[in-house]
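The following note collects points for a colleague who is examining this structure. Please read the points alongside the sequence and the coordinates.

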Amino acid sequence: MSAATSRSGKAVSILLIVLAGGIGIISSTQTWLSVARADGGAEVPVAGATAVPVLAPLSLTVLALGAAIALVGPVLRYVFATIGLLVAIVLEVLTLTIVIRRPLSAVAPALTEVTGLAGDAALGPVVQGIAPTVWPWLAGLAWALLAVAAVLVLLTSRRWRTGGRRFETSPRPADGPVDAVESWDELSHGSDPTR
């Protein structure tokens with residue numbers, strides 16, 4: 001694999017991770033489900049964070065993983081990519097459950113706030129239907145992108161370039177005459193340039 005392919009693998013994977021986390025954060029504040037009421041009341045919108053309580057925290061985790069993967073060494077990249085893949089799987093399962101099954105438990109907190117009723121026995125007769133909006137579908141796509149990005153990191157991160165000389169902490173011996181700037185740098189590293 002060439003250096004250009006490694007760089008593009010790094011850029012694409014980090015971009016996809018950050019994109020997935022951003023979509024997750026945005027979608028957590030948007031309406032995921034709309035509940036039609038059997039009692040004739042107004043439809044009740046249910047935000048993503050209400051339908052899937054772990055949506056916002058895990059989306060923030062994804063954003064942090066994107067930053068961390070860009071900065072750490074090869075071993076931690078594998079660890080963080082594995083965590084990202086697991087988060088993608090968990091969020092995909094939760095999102096598909098909301099879209100396909102539309103459980104009463106996902107809308108119960110919003111219904112309780114509007115009607116004052118609690119529990120499945122009380123809320124069940126109030127619900128005429130639960131319809132998903134476009135946001136859970138977008139979130140599901142984001143988690144698929146996150147999984148692809150995590151796999152891409154696992155496959156390509158071994159060949160990513162690490163930080164250059166500016167990130168080294170050990171002092172390097174001078175190859176020639178030391179100028180005034182290098183003398184100050186030597187003092188900063190704890191060595192005496194006059195010896």
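**Notes on the predicted model**

1. Ala-81 is buried, with a relative accessible area of 1%. This residue belongs to helix α4, and the coordinates discussed here are those of a predicted model. Ala-81 and Gly-66 are separated by 15 residues in sequence, while their C-alpha atoms are 9.1 Å apart in space. Gly-66 is itself one of the buried residues of α3.

2. The overall composition may be stated briefly. The protein chain has eight helices and three strands. Read from the N terminus, the elements follow the order α-β-β-α-α-α-α-α-β-α-α. Of the 195 residues in the chain, 32% are buried.

3. The UniProt record, an unreviewed entry, assigns the feature "transmembrane region" to residues 12–33, 45–71, 78–100 and 134–156. Two of these spans can be set beside the model. Residues 134–156 are 96% helix and 0% strand, with 33 Å between the end C-alpha atoms.

4. Helix α3 covers residues 55–71 and contains 17 residues. Its first and last C-alpha atoms are 25 Å apart, close to the 24 Å expected at 1.5 Å a residue. The buried residues of this helix are Leu-55, Ser-59, Val-62, Leu-65, Gly-66, Ala-68 and Ile-69.

5. Helix α4 spans residues 74–101 and includes Val-79. In contrast to the buried Ala-81, Val-79 is partly exposed, at 39% relative accessibility. Val-79 also contributes to a nonpolar surface patch of about 330 Å², together with Val-75, Leu-76 and Ile-83.

6. How many salt bridges does a search of the whole structure find? The search returns one. It joins the side chains of Asp-39 and Arg-37, at 2.8 Å from N to O. In general, side chains of opposite charge can pair when their charged atoms come close. The pair is also listed as a polar contact between the two side chains, at 2.8 Å.

7. Arg-37 is part of strand β1, which comprises residues 31–37.

8. Arg-102 is located in the loop between α4 and α5, the latter being residues 104–115. Its relative accessibility of 35% places Arg-102 in the partly exposed class.

9. Thr-156 lies in helix α7, which runs over residues 135–156. With a relative accessible area of 5%, Thr-156 is buried. Its side chain makes a polar contact with the side chain of Trp-160, at 3.1 Å.

10. Val-12 is in helix α1, residues 3–28, and is partly exposed, with a relative accessible area of 40%.

11. A further pair concerns the loop between α5 and α6 (120–123), where Ala-118 is found. Ala-118 is exposed, at 57% relative accessible area. Between Ala-118 and Ala-108 there are 7.5 Å from C-alpha to C-alpha, and the two are ten residues apart in sequence.

Terms used: Residues are numbered from 1 along each chain as its sequence is written. This is a predicted model: local features need pLDDT of at least 70, side-chain atom pairs count only at pLDDT 80 or more; totals for chains, interfaces and linings use all residues. Side-chain values use heavy atoms; hydrogens and water are left out. UniProt positions are given in the numbering used here, feature names are shortened, and annotations may be inferred rather than shown by experiment. Helices (H or I, at least four residues) and strands (E, at least two) are DSSP runs, numbered from the N terminus. Buried means under 20% relative accessible area, exposed over 50%, partly exposed in between (1.4 Å probe, protein chains only). A polar contact is a pair of N or O atoms within 3.5 Å; within protein, one must be able to donate a hydrogen and the other to accept it, and residues adjacent in sequence count only if both atoms are side-chain atoms. A salt bridge is a side-chain nitrogen of Lys or Arg within 4 Å of a carboxyl oxygen of Asp or Glu. The expected span of a helix is 1.5 Å times one less than its number of residues. Patches are made of residues with over 30% relative accessible area and no salt bridge: like charges are joined within 9 Å, nonpolar side chains (Val, Leu, Ile, Met, Phe, Trp, Tyr) within 5 Å. Accessible areas come from the Shrake-Rupley method with a 1.4 Å probe; for residues, only the protein chains shown count as cover.
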